[in-house]
Protein chains: 4
Amino acid sequence: MHTRNGPGRPRSERCRQDILDAVDDLLVEVGYAAMTMKGIAERAGVGRQTVYRWWSTKAEVLLEACVEDFAEELTVEAHPDPAQDLLGYLCALTTFLIGDPPGIAYRALLGEAQHDAAVRELLRDDPLTSSAAAVLRRTGSPADSLAVAQFVGPVLSQVLVGPAPLDPEALRRHVDLLLTAWRA
Amino acid sequence: MHTRNGPGRPRSERCRQDILDAVDDLLVEVGYAAMTMKGIAERAGVGRQTVYRWWSTKAEVLLEACVEDFAEELTVEAHPDPAQDLLGYLCALTTFLIGDPPGIAYRALLGEAQHDAAVRELLRDDPLTSSAAAVLRRTGSPADSLAVAQFVGPVLSQVLVGPAPLDPEALRRHVDLLLTAWRA
Amino acid sequence: MHTRNGPGRPRSERCRQDILDAVDDLLVEVGYAAMTMKGIAERAGVGRQTVYRWWSTKAEVLLEACVEDFAEELTVEAHPDPAQDLLGYLCALTTFLIGDPPGIAYRALLGEAQHDAAVRELLRDDPLTSSAAAVLRRTGSPADSLAVAQFVGPVLSQVLVGPAPLDPEALRRHVDLLLTAWRA
Amino acid sequence: MHTRNGPGRPRSERCRQDILDAVDDLLVEVGYAAMTMKGIAERAGVGRQTVYRWWSTKAEVLLEACVEDFAEELTVEAHPDPAQDLLGYLCALTTFLIGDPPGIAYRALLGEAQHDAAVRELLRDDPLTSSAAAVLRRTGSPADSLAVAQFVGPVLSQVLVGPAPLDPEALRRHVDLLLTAWRA
DNA sequence: CCATAACCGAGACGGTACGTCGGGTCTTATC
DNA sequence: GATAAGACCCGACGTACCGTCTCGGTTATGG
């Protein structure tokens, strides 16, 4: 949707997509840390400058490469029972963060954001927060920032910090606690 | 307590400390991202190899430089009222993660851990988790991994992900919810 | 005459020349032994990799920096009298090897060649041998490899090994001996 | 023959010899260029400081390790026929410089001497020059520095500079020329 | 016979150059 | 004017060797 009208060759959407595909591939092949702008360009069969024309950092291009996957992976179909609905979401979230390439990308970006203000800015409209809020709303639970934090925070922090994520049984007890408290 | 008994000149504890001090300084002066092994060595007035002799990565030396501060900063004196006790801890935790140099270091390390298994291993015995568990125990609350996650997870995740940490009022409501649920 | 036709930015002849100039300067300022690839790059105001792109060793770049001077310095105008012609050449050769920067470079390269096969290969088409052969030919003397060795060998060896080079009187006697023997 | 009489442990002649042996070994195993003071010490099973106590540079210790071999290898038994005597010496000299480890060491030292004044000083009393002078004297030929240079210079320069040393036939013609000229 | 002092091995120390790699910019020819 | 290619400057990487120093331990002499 580049609205340039001036002279000259327009930017190649094909290039853009090649680069994003290359990032996807490299993420699973070499991981985030070993991924370089140079490597992305070569993998995509693209000049280095072309990458910089669209995005200025590794984090930006990675975000764009994965952002669609974020929404898709975190979209869980509703369940009539609120408890099951919330539990389903948290299970999907755990799987996403632990195993999926886009989840790994998300964690890597979250990591960069801790010592890079620019990356932090990119994550301002966090896909995780908004998807969790949606689930809370459709189950009639509170969905303010505290509620969202109480809902996903324990899961997220355990994945980021702990040696192992919360297991399904723990997730069930977590949901129970929240639902009980919110209904009171 | 380095138990070298072999021959040769012993390693200089003085050098070790100079390096750790340099890391402390550089953390506040240039930040984690701009800190390099080269820079550390030069700042400490030490040969580069001497740094590598003690630690092999930036993360390792940073961890050791800050690990004492972690424990110190996260130690909050007990309050007779459990609610006040827990709240005090969470406030201190928030301050620590947002503002203190060691807290910034902790976040940076947490970030690295997301795409570096070696760093993750370093953080296996997480200072945050253990200090939080201690506070929970002394207030008579449950202190298993789920409870700890429920306690600090929302705070932590909001700091790591969100645009702003939970404010004191939200923290108070969070503590109330947990205490109510746990007492039931 | 680099016959690149491929794509990409062409190598900068300007850089090449800056580097060669820097080598020339450093040779007289700090000498061969203290000359480093790092120092050359910095002196030339050039990235280190740019030096390595053109030449892979200190010896190679030094050779290229001086090879033109070699030919120039060792070119002595002909003298009608063969004895004077030969003597003039040997005097010039002595001066070249003892005092001129390019001569010092030549000796340094000769030295490296003794324990570095790659440098030896660089000196395969020796400028000294060919210039001496030319002088011998124009005076009607034999110019095979033995004759060249007999002509310049004593001068060269005395410079390389001895405490002092052959003085002009000795050079005169040397030329007389050779001319007498060759005429017989 | 260190004439110390004071207290303290005397220097170990055994160490000295171990070091010299190590240098001999390393010379043939890794060559001069790859030989380091560190490597010598380790090979000799000796502290680094012990090497420095006896010699201060690689060149010094190498010279001492080989100097005895120099004299030995360059000593050729006399032949009643002067031409054969001189020829025998030059053949031995060529073999020495081309093939023998001590000969290779000599060339390496000669090389260093071209850009290191200290090494040059070490070679002031050149073993090659003096042995050649001895041979000239015993055949009744002139033995001043010019004569020595005329005798060995062509051989030496061809070894140092040329692609190949003078072959035996060339050496024979060289000797003939000199003897003829000197007898006249 | 023991104190002194120089030696010994080992290896850590501050430096410095190595050759490589990635970052981000630029300059070509080509499209 | 966008593109692929790739050279450019810069600076950090981790390693190697330099020559010095500091250990514990050894071995002679001299008080």
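Predicted model: local features only at pLDDT ≥ 70, side-chain atom pairs only at ≥ 80, totals over all residues.
Let me begin with the pair formed by chain C and chain D, which bury about 3000 Å² between them, 62% of it on carbon and sulfur atoms, where buried area is the accessible area (1.4 Å probe) that two parts lose on being put together, summed over both. On the side of chain C, the residues that lose the most area to chain D are Gln114(C), His115(C) and Val161(C), together 21% of what that side buries.

Residues are numbered from 1 along each chain as its sequence is written, chains are lettered from A and ligands numbered from 1 in the order in which they are written, and side-chain values use heavy atoms, with hydrogens and water left out.

Staying with this pair, the contact, meaning heavy atoms within 4.5 Å, takes 37 residues from chain C and 38 residues from chain D. How are the two chains related? A rotation of 179° with 0.0 Å of shift along its axis superposes chain C on chain D, with an RMSD of 0.3 Å, the copies being superposed by least squares on the C-alpha atoms of residues with pLDDT of at least 70 in both. The same surface serves both copies, since 100% of the contact residues of chain C recur in chain D. In chain C, the residue that comes closest to the rotation axis is Gly111(C), with its C-alpha at 1.7 Å.

Now to the other pair. Chain B can be laid on chain A by a turn of 180° and a shift of 0.0 Å along the axis, with an RMSD of 0.1 Å, which is the relation of a two-fold axis. Within chain B, the C-alpha nearest that axis belongs to Gly111(B), 1.7 Å from it. Because 100% of the interface residues of chain B are also interface residues in chain A, these copies meet through the same surface.

Between the pairs, no contact joins chain A and chain C, whose closest C-alpha atoms lie 10 Å apart, and chain A and chain D do not touch either, their nearest C-alpha atoms being 34 Å apart.

Sugar and phosphate account for 66% of the atoms of DNA strand E that come within 4 Å of the protein.

In chain C, an N or O atom in the side chain of Tyr52(C) is 2.4 Å from a phosphate oxygen of DNA strand E.

Helix 3 of chain B gives the largest share of the surface near DNA strand E, 4 residues, helices being DSSP runs (H or I, at least four residues; strands are E, at least two) numbered from the N terminus.

Finally, the UniProt record, an unreviewed entry, places a "DNA-binding region" at residues 36–55 of chain A, and such annotations may be inferred rather than shown by experiment. In the model, that span is 75% helix and 0% strand, with its end C-alpha atoms 13 Å apart.

Key: Near = heavy atom within 4 Å. Polar contact = N/O pair within 3.5 Å; in protein donor to acceptor, adjacent residues only side chain to side chain.
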